Amino acid sequence: MKRPIAYLSGTGRSLPETVLHNADFAAMGLETSDAWIVERSGIRTRRIAKKGESTTSMGAEAARRAMEKAGVAPGEVDAIILSTATPDRLLPATAVEIQAVLGATRAVAFDIAAACSGWVFGLALAESMLIAGQAETLLVIASEKLSSIVDWTDRSTCVLFGDAAGAAVVQRSKQHRGILSSFMRSDGTLADLLQRPHGGAKTPMSEQVLRDRSHFIRMNGREVFRHSVRSMAEATDRALDGARLTGRDIDLFIPHQANIRIIEATAKHANIPLEKVFINVDRYGNTSSATIPVALDEAIESGRVHEGSTVLFVAFGAGFTWGSMVVRF
Ligand SMILES: CC(C)(COP(=O)(O)OP(=O)(O)OC[C@H]1O[C@@H](n2cnc3c(N)ncnc32)[C@H](O)[C@@H]1OP(=O)(O)O)[C@@H](O)C(=O)NCCC(=O)NCCS
């Protein structure tokens with residue numbers, strides 16, 4: 001097993017207060033039911049940002065809490081890596097807006113776009129920056145306001161997503177604690193299966209795009225499901241092999257929270273019993289790259305992750321992208 005270089009020294013989360021229940025969709029005129037949503041996805045409620053709450057405000061709040069726990073002041077931060085599929089502005093990066101709110105004046109700040117896998121990719125990148133000597137104290141944030149990009153008239157997607165942010169401070173490892181292995185992969189030939197077709201540089205926003213609602217998320221749910229189960233299984237194997245561990249060595253498995261059926265299939269593949277799997281998809285739905293840092297912060301708070309715990313993260317998202325990591329806390 002390699003000697004860990006990067007350590008997660010503090011975590012934080014931010015969740016909007018507004019709760020949307022499955023029953024609320026019927027009141028919005030959608031032909032759906034609590035029973036269908038729970039059976040097919042495991043989701044019961046999700047949080048929705050209210051007016052004024054943004055990717056920046058949620059990301060900054062999660063980051064502030066992570067810095068507090070790590071005992072790090074804004075002026076000590078060397079780099080801010082933000083994973084988001086919902087930047088507040090198309091230019092500049094939302095990471096610099098978070099930098100300004102935090103007052104992290106010494107930091108370099110930039111966004112990465114890897115959809116739901118973005119936070120795990122961000123951690124791997126932070127580790128590389130530590131190895132390269134480019135930074136000593138990094139913030140890796142995921143902030144997602146998916147309520148701003150789902151089509152609220154499309155029952156096959158809007159019931160699945162929610163808003164949230166999570167963050168970790170990453171610093172140089174001490175006492176053999178930190179990232180033990182990581183794996184990242186993507187396959188752009190499958191990009192059309194989960195996308196926002198228009199409104200970007202190729203087909204800029206126009207009356208036609210607005211009429212077609214093609215600037216919102218479109219997804220082939222069945223195909224995404226199939227690939228996600230396969231890729232998350234591969235990612236699980238790769239991270240465990242990299243750390244020379246098996247599922248039995250994992251104290252807590254924190255998979256991307258998109259669908260309870262995908263989570264159960266991945267845990268079964270890895271031989272990890274469900275009592276060792278962190279699940280909050282029922283409460284928050286799919287918050288894209290924020291699912292894993294939010295779950296990790298809750299797991300630390302509730303004592304399910306403590307000093308010495310070995311934790312496995314596995315993510316999958318649009319692109320497709322998928323990745324994984326084993327971390328010793
Ligand atoms: C979206 C998902 C829950 C749908 O479940 P499914 O079992 O695959 O269901 P299907 O897409 O086959 O749809 C079955 C039927 O339910 C209908 N349906 C879709 N959404 C519905 C809803 N909210 N309420 C009621 N019915 C719905 C469909 O129209 C379809 O009806 P039809 O058979 O008459 O055409 C599932 O495919 C999934 O979770 N996919 C992965 C999504 C994901 O994780 N995305 C993010 C990856 S990061």
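Predicted model: local features only at pLDDT ≥ 70, side-chain atom pairs only at ≥ 80, totals over all residues.
Visitor: Which strands form the open sheet, and in what order?
Guide: The order is β8-β13-β12-β11, 4 strands with mixed pairing. Strands here are DSSP runs of E of at least two residues, helices are runs of H or I of at least four, and both are numbered from the N terminus. Two strands pair if DSSP finds at least two bridges between them.

Visitor: Which are the edge strands?
Guide: β8 (178-186) and β11 (252-255), each of which pairs on one side only.

Visitor: Are β8 and β13 parallel or antiparallel?
Guide: Antiparallel, over 8 bridges, with β13 covering residues 321-328. G178 stands opposite R328 in β13.

Visitor: Changing topic, which residues come nearest to the ligand?
Guide: T32, R155, G221, F225 and A258, out of 20 residues around the ligand. A residue counts as near if its C-beta atom, placed from the backbone, lies within 6 Å.

Visitor: Which element gives the largest share of that shell?
Guide: α8, with 5 residues. α2 (34-41), α6 (155-158), α8 (221-242) and β12 each supply at least two.

Visitor: And which domains does the shell draw on?
Guide: Domain 1 (6-175) and domain 2 (180-328), with at least three residues from each. The domain bounds come from an automatic or database domain assignment.

Conventions:
Residues numbered from 1 in each chain as written.
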